[in-house]
Amino acid sequence: MFSTMQDVPLTVARILAHGSTVHGRATVTTWDGTGPVTRTYAELGARAAQLAYALRDELGVTPEHVVGTLMWNNADHMEAYLAVPAMGSVLHTLNLRLAPAQLAYIVNHAADHAIIVNGSVLPLLAGVLPQLAPTLKHIVVSGPGDLSLLAGFAGTVHEYEQLIAGRPTEYPWEEEIDERRPAMICYTSGTTGDPKGVVYSHRSIYLHCLQVNSAATFALTPQDTALPVVPMFHVGAWGIPHAAFMSGANLLMPDRFLQPQPLATMIDLVKPTVSGAVPTIWNGLLDELDHPTARETPYDTSSLRMVVIGGSACPPALMRGFEERHGIRLVHAWGMTETSPLGTFALPPAGLSADEEWAYRVTQGVFPASVEARLTGPGGERMPHDGVSAGELEVRGPWIAGAYYGGAGQDPERPEDKFSEDGWLRTGDVGTITPDGFLTLTDRAKDVIKSGGEWISSVELENHLMAHQEVLEAAVVAVPDEKWGERPLAAVVLRPGATVDLPGLRAFLAGRVASWQLPERWSLVAAVPKTSVGKFDKKVIRAEYAAGLLDVTVLGKE
Ligand code: ADP
């Protein structure tokens, strides 16, 4: 009989033990609004140990318990990220931009035993307290905040620094626990429905970290400083915090200062090399870099070697704007809460001309070996990977969800529209895959515009519109149409001082897409409504249109 290799569990505790010793001199820097505050990974490891003692001995946290965090991206949040899973319990990152009812829903659904909350977010937590189940026993407040807001809470309130102070700085981390045990729960942001819980295991986090650190993606090394603008409550900040701790890359945490001006300032001063966020953030930053609001000189962004953009389709004009005007390389990636999120990453193959490279870079990218992909047509048939045939994307792999969390004591949920009979995740995204494995998404299944017998890609229309110099944002949605079933409606935000009018925009688009795809209905809006993670909220636009709240101009034949 063969004897193969050692079967050592892949755990968050291993990441913590490694990062806080071998990479002990690496740093996490939190932006406090005016400047950077720095902690080393060695200090972070020691404080994570103190937090674990406090949670275990003071708050009675056991491996069965879920500990929530309602926090921005900062060093204290990082301590919880490491300590809670490494002590064998389950971390639940709470999205602080969810509607209050949804926030209460996910706290109760996961039966959070304790919540660690930033003082600046206390008003939000205080507002939902009456809706929280009695399973919540403790609230730990990190940073300054008005504790009197929690007066109505029946459990115990703690202050983070006092709670951890004086406790031992080494903890017997659970390095030998079953790697398939739950480590972290993230809920989807509910762009197209109620939030659903996805439970990451130690193993899935560990393997995903290796991928984030690989040269096929972020390639983090100790020479790097990673700036996760994507919130730690949104798919674990794409795995960047754990991966940085594993590889010894420094972290720059923006806390709540996510507006274009502070972001540009911290990039200028702290000099991150890598960053990641959704297109809305990069759109705002590009504007700030083009026209700084409160300074004469341009920002220095030369430290950035790669800026990753995902979460929604990247308008090619945005990618070109960063590269041509600021020398910043944007890299497109696709993923979802259910995929941890690393699904694809758009690094082009070698040996291509500049134009050929662009053609690859604007796609969503290529799947890593661990993520298998297939396309399913409307009748359930497998579609070829020929770069032309479109279908719903299905994926499987070691960091892809196998089910949704059913709630404490409940069975996992595997709804048919989300999981195939043979266990693949149905992403709800529609697109094509080339023979060499590059994915191009045309839409979410729910956002596709079905006009007559044809499908119109809302993303394609948006990308063309956003390539117009005077357009800041454009969202295209399907609206009901008597003759065609559905037709596109374009909601457009113009840049200040823009001179183009709606007929002008229509003419601009007419040169770029087939005439039957041209929207008839147009609306100038002050801003495109956004979801809790900064994506275009198309269901709000559709609802506003249905309720007659949009000022719509009809151009061309209806
Ligand atoms: P939610 O589904 O609640 O918005 P997620 O953040 O998990 O939460 O969203 C995942 C979805 O975001 C994907 O299924 C896809 O529709 C969209 N998405 C993510 N990255 C991209 C991308 N690069 N291009 C187009 N769509 C993307």
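Does A401 count as buried or exposed at 10% relative accessibility? A401 counts as buried, a label that here means under 20% relative accessible area, with exposed being over 50% and partly exposed in between (1.4 Å probe, protein chains only). Before going on, some ground rules: this is a predicted model, in which local features need pLDDT of at least 70, side-chain atom pairs count only at pLDDT 80 or more, and totals for chains, interfaces and linings use all residues. Residues are numbered from 1 along each chain as its sequence is written, and side-chain values use heavy atoms, with hydrogens and water left out.

Back to A401, then. You'll find A401 in the loop between β19 and β20 (425-433); strands are DSSP runs of E with at least two residues, helices are runs of H or I with at least four, and both are numbered from the N terminus. Leaving aside neighbours within four places in sequence, A401 is in contact (heavy atoms within 4.5 Å) with V198, E338, F419 and L425. If you'd like a distance to check, the C-alpha atoms of A401 and S20 are separated by 29 Å, the two residues being 381 apart along the chain.

Seven strands, in the order β7-β6-β5-β3-β4-β8-β9, make up an open sheet with mixed pairing; two strands pair if DSSP finds at least two bridges between them. Strands of a sheet pair through backbone hydrogen bonds, either parallel or antiparallel. At the edges stand β7 (156-159) and β9 (197-201), and each has a single partner strand, so one side of each is left without a neighbour in the sheet. From one strand to the next, the twist averages 20 degrees.

Within that sheet, β3 (residues 66-70) and β4 (residues 90-93) pair in the parallel sense over 4 bridges, and G68 stands opposite H92 in β4. Helix α3 (residues 75-86) lies across β3, β4, β5 (114-118), β6 (138-142) and β8 (182-187), running at about 145 degrees to β4. For that angle, axes are lines fitted to C-alpha atoms, for helices over the stretch in contact, and angles run from 0 to 180 degrees between N-to-C directions.

A search of the whole structure turns up 3 cavities of 30 Å³ or more. On a 1 Å grid over the protein atoms alone, a cavity is a set of points where a 1.4 Å probe fits but cannot get out, and lining residues have an atom within 4 Å of a point. Grid points are joined across faces, edges and corners, and a volume is the space filled by probe spheres set on the points. The largest cavity holds about 120 Å³ of space, and its lining includes Y81, M184, Y200, H208 and S340. Helix α7 (residues 202-213) supplies the largest share of that lining, 4 residues. By type, the lining of the largest cavity divides into 6 nonpolar, 6 polar and no charged residues; Ala, Val, Leu, Ile, Met, Phe, Trp, Tyr, Cys and Pro count as nonpolar, Asp, Glu, Lys and Arg as charged, and the others, Gly among them, as polar. The second largest cavity has a volume of about 40 Å³ and is lined by T93, N95, L98, I106, Y187, T188 and F233. That lining splits into 4 nonpolar, 3 polar and no charged residues.

Not counting residues up to four places away in sequence, N213 touches A219, L220, A243, M246 and S247. T225, in strand β10 (residues 225-228), is buried too, with a relative accessible area of 13%.

β17 runs antiparallel to β19 (residues 391-396), joined by 5 bridges, with T376 opposite E392. β17 also pairs with β18 (residues 382-383) in the antiparallel sense over 2 bridges, and here L375 faces M383. The hairpin of β17 and β18 has 5 residues between the strands, and G380 takes a positive phi near 85 degrees in it.

Last stop is helix α13 (residues 458-466), mostly covered, with 7 of its 9 residues buried. Among them are V459, L461, L465 and M466.

Key: On a 1 Å grid over the protein atoms alone, a cavity is a set of points where a 1.4 Å probe fits but cannot get out, and a pocket is an open set with protein on both sides within 12 Å along at least five of seven lines; lining residues have an atom within 4 Å of a point.
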